[in-house]
Amino acid sequence: MGKAFCPFLLFVFFQAILVLVIPMTTINILAVGDIVGKSGLDILRRRLRGIIRSFHIDFTVVNGENSAGTGLTPANADDIFNAGADVITLGNHAFSKSAIFPYLEECQYILRPQNFAPQSPGRGFGLFETAFGNVLVINLVGRCGMNFGPDNPFFAADLVLSKQKAKFTLVDMHAEATSEKLALCYYLDGRVSAVWGTHTHVQTSDASVFPKGTGYITDLGMTGPARSVLGVVPQQSIDMFLGNPAYRFETASGPAKLEGAVFSIDRETGLCQSAEAIRIIE
Ligand SMILES: [Fe+2]
Ligand SMILES: [Fe+2]
């Protein structure tokens, strides 16, 4: 009896050690895919704090570029922060609602792509003090298949990294082309904690840790209407592809989903230990 009991006690003891030690060796980063319309804002408000608790999240970055369909208003940004986001990133629609311009200037916790023209309102990176160390967040926009002519995002990342030092560095690469996002992660592998893609609104199944320790997913997906074409009413998208006269896109109604990824980052090295996509459909 005693011999059988001792291994069990040892097992319990080591399990307790693991529970106590493992959470202290890593921090968990949550990245949430593009918020689309009221549907996206509502599910974020309903579910984000629960996700933060369940996954023991230490820092949350939410892409908010479609909160108002295209772009976002100051009220939308406040909604995202009130839902529990630490930082908002944007993308090609960053400036679609001009009311956000003063907000971008005043609030250091909302970022637009760093490689936009230098006279653009706001900033493209932020260095944030936290209880577990400084977190650098960089927002970039791709050049393949995008409307604008932004600067080279690879060089833009180099420039920021040459001047800003942080233990944890997170990169939102808002881009159309899977190749551009993958290439950026290989380029930054080992130099940043995580790179995630946004913009396509379709979650990819490639969450992983790159060879030199950077966490990655090609696209987080989107947060908004689950039965839609990238957030838009399906019939409107069908009409566009049929060549019917264009009309203003509207955000779809119906059940909502929240998509993103969780990156577990080593507290000492700042490198990623695991990357996992998440999806909640209501
Ligand atoms: Fe988007
Ligand atoms: Fe976009």
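**Stop 1: the whole protein.** Keep in mind that this is a predicted model. Start with everything shown as cartoon: there are seven helices and 13 strands to find. The radius of gyration is 20 Å, close to the 19 Å that the globule rule gives for 282 residues, so the protein is as compact as a globular protein of that length. If you draw a box along the principal axes, the C-alpha atoms fill roughly 80 × 45 × 35 Å. Colour by burial next, and 46% of the 282 residues count as buried.

**Stop 2: a helix pair.** Select residues 37-54, helix α2, together with residues 74-83, helix α3. How do their axes cross? They come within 8 Å and cross at roughly 20°. Angles under 35 degrees count as roughly parallel, and α2 and α3 are therefore roughly parallel to each other. The crossing in which α2 passes α3 is left-handed.

Now show side chains at the contact. From α2, pick Leu41, Leu44, Arg45 and Leu48; from α3, pick Asn76, Asp79, Ile80 and Ala83. By type, the residues of this contact divide into five nonpolar, one polar and two charged. While you are here, check the spacing along each helix: an α-helix has 3.6 residues a turn, so residues three or four places apart point the same way.

**Stop 3: His201.** Move to the loop between β8 (194-198) and β9 (208-209), where His201 lies. Its phi is near 65°, a positive value in a residue other than glycine. Is His201 buried or exposed? With 21 other C-beta atoms within 10 Å, His201 is buried, as the cut-off for that is 20 or more.

**Stop 4: Leu230.** Next, select the loop between β11 (222-225) and α7, and pick out Leu230. Here again phi is positive in a residue other than glycine, near 60°. Leu230 is partly exposed, having 17 other C-beta atoms within 10 Å.

**Stop 5: helix α7.** Carry on to residues 234-242, which form α7. Of its nine residues, the number buried is zero, so α7 lies largely in the open. Finish on Gly243, which follows α7 and has a positive phi, near 90°.

Terms used: Residues are numbered from 1 along each chain as its sequence is written. Chains are lettered from A and ligands numbered from 1 in the order in which they are written. This is a predicted model: local features need pLDDT of at least 70, side-chain atom pairs count only at pLDDT 80 or more; totals for chains, interfaces and linings use all residues. Axes are lines fitted to C-alpha atoms, for helices over the stretch in contact, and angles run from 0 to 180 degrees between N-to-C directions. Helices (H or I, at least four residues) and strands (E, at least two) are DSSP runs, numbered from the N terminus. Angles under 35 degrees count as roughly parallel, over 145 as roughly antiparallel, 65 to 115 as roughly perpendicular and the rest as oblique. A crossing is left-handed if the near helix is turned anticlockwise from the far one by less than a right angle, and right-handed if clockwise. Two residues are in contact if their C-beta atoms, placed from the backbone, lie within 7 Å. Ala, Val, Leu, Ile, Met, Phe, Trp, Tyr, Cys and Pro count as nonpolar, Asp, Glu, Lys and Arg as charged, and the others, Gly among them, as polar. The radius of gyration is taken over C-alpha atoms; the globule rule is 2.2 Å times the number of residues to the power 0.38. A residue is buried if 20 or more other C-beta atoms lie within 10 Å of its own, exposed if 12 or fewer, and partly exposed in between; C-beta atoms are placed from the backbone.
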